[in-house]
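Please look over the model shown here, with attention to its charged side chains and its nonpolar surface.

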Amino acid sequence: CPIPYASPTDGTSQWRCIHGIPVLPNKLKSEKEEEAVIDKRKEAIESNQDLRNIQFLFKEYEPYYWWFEIFQCFQRLMLTGGSVMFVEGSARQVVCGMLVALLSIHVNSICQPFIEGDDDVLALSAVWGIFFTLLGGLLLKLNLGAADGLDRANLDKLDLSTGVFLVVVNCMVIVIALGTVIFQFLKFKEGSRQASQRKQFASVELQQYPSVPDDNEHDYQLME
């Protein structure tokens, strides 16, 4: 390491290794170049037992965003342990979590770090779910209905509508996850069907048009 990767465009070294993991110091514009690095990374993982033990940290990310799991750990720590920096049970804790969620939404939207685009959509929807959950918690915490002078009946309706909103938001994340799984299954099934059709077509074509011996080879056999 570093293992060189020659770019087809300018012939320069485009990637290197960090502790044996092939990564990209610069984001490639060509999808073929990026796929080549991903394939090389798979080979490095298969040939190294140490990499196989930690592949869950970077395997699902694009080579340029091999570090993204570090950001994910920072996000989880700030959403859980980071709130202890504020008064327990205060609205500041909820606001802190909302700011972290907004930062994560912004970073995920710009980077889109996963190899599969469906994983980017699922990750972004999950963070949006966290943000709206915290927003609903903040509304319940501040009890804005009482500040607006609503009576008890309207306050109960407001709390009920907020609870229903939170349930719908979190169920939407589950629906998106199930939709992603179904879409991937259908895409895999369609790919398998097309591959089977191509194989059958090639077999039929081979039967209809068998290989014809070369004329030069036939003349050579007659001369012998």
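Predicted model: local features only at pLDDT ≥ 70, side-chain atom pairs only at ≥ 80, totals over all residues.

Residues are numbered from 1 along each chain as its sequence is written, and side-chain values use heavy atoms, with hydrogens and water left out.

**Salt bridges**

With a salt bridge taken as a side-chain nitrogen of Lys or Arg within 4 Å of a carboxyl oxygen of Asp or Glu, the count comes to 2.

| Salt bridge | N to O distance |
|---|---|
| Arg 76 and Glu 69 | 3.3 Å |
| Arg 193 and Glu 190 | 2.4 Å |

Arg 193 and Glu 190 both lie in helix α7, 3 residues apart, about one turn of the helix; helices here are DSSP runs (H or I, at least four residues), numbered from the N terminus. Buried means under 20% relative accessible area, exposed over 50%, and partly exposed in between (1.4 Å probe, protein chains only). Glu 69 has 15% relative accessibility and therefore counts as buried, whereas Arg 76, at 43%, counts as partly exposed.

**Asp 120**

Asp 120 belongs to helix α5 (residues 117-142) and is buried because its relative accessibility is 12%. Its side chain reaches the backbone nitrogen of Phe 114 at 2.9 Å.

**Nonpolar surface**

Leu 160, Val 164, Val 168, Met 172 and Val 175 make a nonpolar surface patch of about 460 Å², where patches are made of residues with over 30% relative accessible area and no salt bridge, nonpolar side chains (Val, Leu, Ile, Met, Phe, Trp, Tyr) being joined within 5 Å and like charges within 9 Å. Accessible areas come from the Shrake-Rupley method with a 1.4 Å probe. Val 164 lies in helix α7 (residues 152-208).

How values were computed: Helix = DSSP H or I, 4+ residues; strand = E, 2+ residues; numbered from the N terminus. Polar contact = N/O pair within 3.5 Å; in protein donor to acceptor, adjacent residues only side chain to side chain.
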